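Hi there,

Here is the structure I promised to pass on. Please open it and keep it beside you while you read my notes.

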Amino acid sequence: MLLALELLNGQDRFPRIEYKAAIRTRPAARGDRLYVATGDSALHVALNARALRALKALLAGGADPRLADRDGQTVLSLAIDRGDTAALEVLLQAGVPVDAVARGSEQPVVAALRRGHLDVARRLLQAGADANA
């Protein structure tokens with residue numbers, strides 16, 4: 001299944017960047033590591049553009065939320081870093097584990113608290129994140 005994702009001028013947080021990509025939402029021969037020209041996975045593109053419907057569709061289609069971008073960030077860790085509660089809610093409702101962060105990264109609750117995102121930390125704890133991490 002392909003999902004055409006087009007985010008153009010002014011429709012996202014990055015009005016000067018145009019993303020045009022046909023994004024495969026099922027594993028390909030080389031795994032789920034299908035990236036657009038920026039090096040991001042389909043989930044990263046949707047998250048960066050705050051395209052929550054696309055994020056939901058990609059997750060429902062089987063996109064792997066544990067994939068890291070070239071900086072080592074998963075979509076969950078990016079949502080936590082940014083304090084993006086709407087994206088966090090989409091990820092949690094889709095069943096993304098609260099520990100779906102890149103190896104060697106801070107624990108999700110610690111990352112949220114360090115960045116001052118108390119609402120994110122609270123939601124992570126409600127979703128079962130380790131309070132003692």
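Predicted model: local features only at pLDDT ≥ 70, side-chain atom pairs only at ≥ 80, totals over all residues.

**The whole chain**

The protein chain has 6 helices and 2 strands. Going along the sequence, the pattern reads β-β-α-α-α-α-α-α. The chain has 133 residues, and 43% of them count as buried. If you take the contacts between residues at least 6 apart in sequence, 55% of them join residues at least 24 apart.

**The core**

Which residues have the most contacts inside the largest nonpolar core? They are Leu 55, Leu 91 and Leu 124, in a core of 32 residues. At least two residues of this core come from each of α1, α2, α3, α4, α5 (108–114) and α6.

Setting aside residues up to four places away in sequence, Leu 91 touches Leu 55, Leu 59, Val 75, Leu 76, Ala 79 and Val 96. Leu 91 is also one of the buried residues of α4, along with Ala 87, Leu 88, Val 90 and Leu 92. The cover over these buried residues of α4 includes α1 (42–48), α2 (52–60), α3 (75–82) and α6.

**Helix α4 and its partner α6**

Next, the pair of helices I would show on screen. Two packed helices are described by the angle between their axes and the distance between the axes. For helix α4 (residues 85–93) and helix α6 (residues 118–126), the axes come within 10 Å and cross at roughly 10 degrees. Angles under 35 degrees count as roughly parallel, so α4 is roughly parallel to α6.

Which residues make the contact? From α4 they are Thr 85, Leu 88, Glu 89 and Leu 92, and from α6 they are Asp 119, Val 120, Arg 123 and Leu 124. By type, the residues of this contact divide into 4 nonpolar, 1 polar and 3 charged. As background for reading such a list, an α-helix has 3.6 residues a turn, so residues three or four places apart point the same way.

The two ends of α4 have details of their own. At its start, a side-chain oxygen of Asp 84 comes to within 3.4 Å of the backbone nitrogen of Ala 86. After α4 comes Gly 95, which has a positive phi, near 90 degrees.

**Two residues of α6**

Val 120 and Arg 123 both take part in the contact with α4, and here is how each of them sits.

- Val 120 lies in helix α6. Is Val 120 buried or exposed? Val 120 has a relative accessible area of 0%, and under 20% means buried, so Val 120 is buried. Beyond its neighbours up to four places away in sequence, Val 120 touches Ile 80, Gly 83, Thr 85, Leu 88 and Ala 112. Val 120 and Thr 85 are 35 residues apart in sequence, yet their C-alpha atoms are 6.2 Å apart in space.
- Arg 123 also lies in helix α6. Arg 123 is partly exposed, with a relative accessible area of 22%. Leaving out neighbours within four places in sequence, Arg 123 is in contact with Leu 88, Glu 89 and Leu 92.

**A few other residues**

- His 44 is in helix α1. His 44 counts as buried because its relative accessibility is 0%. Not counting residues up to four places away in sequence, His 44 touches Leu 67, Ala 68, Asp 69, Gln 73, Thr 74, Val 75 and Leu 78.
- Arg 50 is in the loop between α1 and α2. Its phi is near 55 degrees, a positive value in a residue other than glycine. Arg 50 is partly exposed, at 36% relative accessible area.
- Gly 128 is in the segment after α6. Gly 128 is exposed, with a relative accessible area of 53%. Gly 128 and Pro 97 are 31 residues apart along the chain, and 8.9 Å separates their C-alpha atoms.

Terms used: Residues numbered from 1 in each chain as written. Heavy atoms only, no water. Axes fitted to C-alpha atoms, helices over the stretch in contact; angles between N-to-C directions. Helix = DSSP H or I, 4+ residues; strand = E, 2+ residues; numbered from the N terminus. Parallel < 35°, antiparallel > 145°, perpendicular 65-115°, else oblique. Contact = heavy atoms within 4.5 Å. Nonpolar A, V, L, I, M, F, W, Y, C, P; charged D, E, K, R; others polar. Buried < 20%, exposed > 50% of the residue type's maximum accessible area, 1.4 Å probe, protein only. Polar contact = N/O pair within 3.5 Å; in protein donor to acceptor, adjacent residues only side chain to side chain. Core = buried A, V, L, I, M, F, W, Y, C linked by side-chain atoms within 4.5 Å.
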